[in-house]
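The following note sets out numbered remarks on the model shown below.

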Amino acid sequence: MSSSGARGVRREYGRTYVVRPKGRHLATIVWLHGIGDNGNSWSQVLGNLPLDNVKWICPTAPTRPVAAFGGFPCTAWFDVEETSVDGPDDVQGLDASAAHIANLLSSEPSDVRLGIGGFSMGAATALHSAACYAHGRFSNGVAYPITLSAIIGLSGWLPCSRALRTKIESSQTAFRRAAALPIMLGHGRGDEVVTYGNGERSAEFLRNSGFSYLNFKAYNGLGHHTIPEEVDDVSKWLRARLGLDRSCG
C-alpha cells in the first residue's frame with residue numbers, strides 16, 4: 001500500500017500484522033511502532049494483553065530518509081529532525097500516515113469502537129491523528145473520515161503543537177470532539193530519546209487546546225522503552241474507557 005509523503009514522494013508501507021480478538025469484537029486499535037521498528041514486534045506484545053475483545057492492527061511504516069539520522073533511511077511514519085514539541089514538523093508526512101491509519105480503520109464494523117496508539121514516533125502520529133479527528137480535517141483540508149474513541153501515546157511528543165489550539169478553537173464541533181476524546185500518555189522520567197519534559201509539555205499543550213479528557217502518567221527510572229507496569233496500565237485504561245468489561249465473551 002502506498003501514500004504520498006513529504007514533497008509528494010509516494011512511499012510504500014510495509015507489512016501489516018493483525019491480532020484478532022479472542023472474544024466478541026468490541027474495539028479495533030491501530031498500534032504504531034517507533035522509528036526503525038516494524039509492526040511485528042508490537043503485535044506480539046499486544047497479543048498477550050488480557051483484552052479479548054480488542055482487534056489490534058500493527059502496520060509497518062515506509063522506509064524513508066530521516067533527517068535526524070543524517071538522511072539515513074529507516075522505517076518512519078514521517079521525517080523528523082528532533083523529537084521535540086519545538087522541532088520542525090513534516091506535516092505532509094504526518095498527514096500521509098494519519099490517512100493510511102484512518103484507511104485501515106475505515107472498513108471496521110460500525111458497532112466497533114476505534115482507537116489509535118503508539119510508541120515514540122508512533123505516539124506522535126497517534127496524537128496528530130487525534131488533532132485531525134477533532135478538527136474534522138487533515139492539515140491539507142481533506143475531511144477526516146472516522147470517529148475515534150481512544151488515543152494512547154507512550155514515550156512520544158506532540159507534533160504541530162503551535163497550531164493545535166487555533167485548530168480546536170476554530171469551531172464548537174472541534175472543541176466538543178477534543179473534550180470528549182480519551183487520551184492516555186505515559187512517559188519515563190529517564191527517557192534519553194524523547195525527554196520527559198517534552199512528554200509533559202505535550203500533555204500541557206493538549207490540555208490547553210481543549211483535550212481535557214487526558215491522563216498523563218510518569219514512570220520513575222524508565223528510559224525510552226516500556227515496562228510491564230506501563231503495559232498493564234494501558235490494558236486497565238482501555239478496559240475502562242472502551243467499556244470492555246461489558247462483555248466477557
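**Notes on the predicted model**

1. Helix 7 lies across strand 4, strand 5, strand 8 (113-119), strand 9, strand 10 and strand 11, and runs at about 170° to strand 9. Helices (H or I, at least four residues) and strands (E, at least two) are DSSP runs, numbered from the N terminus. Axes are lines fitted to C-alpha atoms, for helices over the stretch in contact, and angles run from 0 to 180 degrees between N-to-C directions.

2. The model is a predicted one, in which local features need pLDDT of at least 70 and side-chain atom pairs count only at pLDDT 80 or more, while totals for chains, interfaces and linings use all residues. Residues are numbered from 1 along each chain as its sequence is written, and side-chain values use heavy atoms, with hydrogens and water left out.

3. In helix 7, the residues E230, V231, D233, V234, S235, W237 and L238 are buried, where buried means under 20% relative accessible area, exposed over 50%, and partly exposed in between (1.4 Å probe, protein chains only). These buried residues pack against strand 4 (27-32), strand 5 (54-58), strand 9 (150-154), strand 10 (183-188) and strand 11 (214-219); contact means heavy atoms within 4.5 Å. The 14 residues of helix 7 (residues 228-241) should span 20 Å at 1.5 Å a residue, and the end C-alpha atoms are 20 Å apart, which agrees. The expected span is 1.5 Å times one less than the number of residues. Just after helix 7, G243 takes a positive phi of about 65°.

4. The open sheet is formed by seven strands in the order 3-5-4-8-9-10-11, with mixed pairing. Strand 3 (17-19) and strand 11 stand at the edges, each with a single partner strand, so one side of each has no neighbour in the sheet. From one strand to the next, the twist averages 15°. Helix 6 (residues 196-208) also packs on the sheet, where it touches strand 10 and strand 11; its direction makes about 170° with that of strand 11.

5. Within the sheet, strand 9 and strand 10 pair in the parallel sense over four bridges, two strands being paired if DSSP finds at least two bridges between them. I183 in strand 10 is the bridge partner of I151.

6. Strand 6 (residues 63-66) and strand 7 (residues 72-75) run antiparallel and are joined by four bridges. F72 of strand 7 is the bridge partner of V66. The hairpin of these two strands has five residues between them, and there G70 takes a positive phi near 65°.

7. How do helix 2 and helix 3 cross? The axes of helix 2 (residues 91-105) and helix 3 come within 9 Å and cross at roughly 80°. The two helices are therefore roughly perpendicular to each other; angles under 35 degrees count as roughly parallel, over 145 as roughly antiparallel, 65 to 115 as roughly perpendicular and the rest as oblique. Helix 2 contributes L94, D95, S97, A98 and I101 to the contact, and helix 3 contributes T125, H128, S129 and C132. By class, these residues divide into four nonpolar, four polar and one charged. Ala, Val, Leu, Ile, Met, Phe, Trp, Tyr, Cys and Pro count as nonpolar, Asp, Glu, Lys and Arg as charged, and the others, Gly among them, as polar.

8. Helix 3 (residues 121-135) also packs with helix 5 (residues 172-180), at an angle of about 135° and with the axes 7 Å apart. Helix 3 and helix 5 are therefore oblique to each other. Their contact is made by Y133, A134 and H135 of helix 3 together with T173, A174, R177 and A178 of helix 5. It comprises four nonpolar, two polar and one charged residues.

9. S120, in the loop between strand 8 and helix 3, has a positive phi of about 60° although it is not a glycine. At 6% relative accessibility, S120 counts as buried. S155, in the loop between strand 9 and helix 4 (161-168), has a positive phi near 55° and is likewise a residue other than glycine. S155 is buried, with a relative accessible area of 0%. Most residues other than glycine have a negative phi.

10. S202 lies in helix 6 and counts as buried at 2% relative accessibility. Neighbours within four places in sequence aside, S202 is in contact with V85, W157 and L158.
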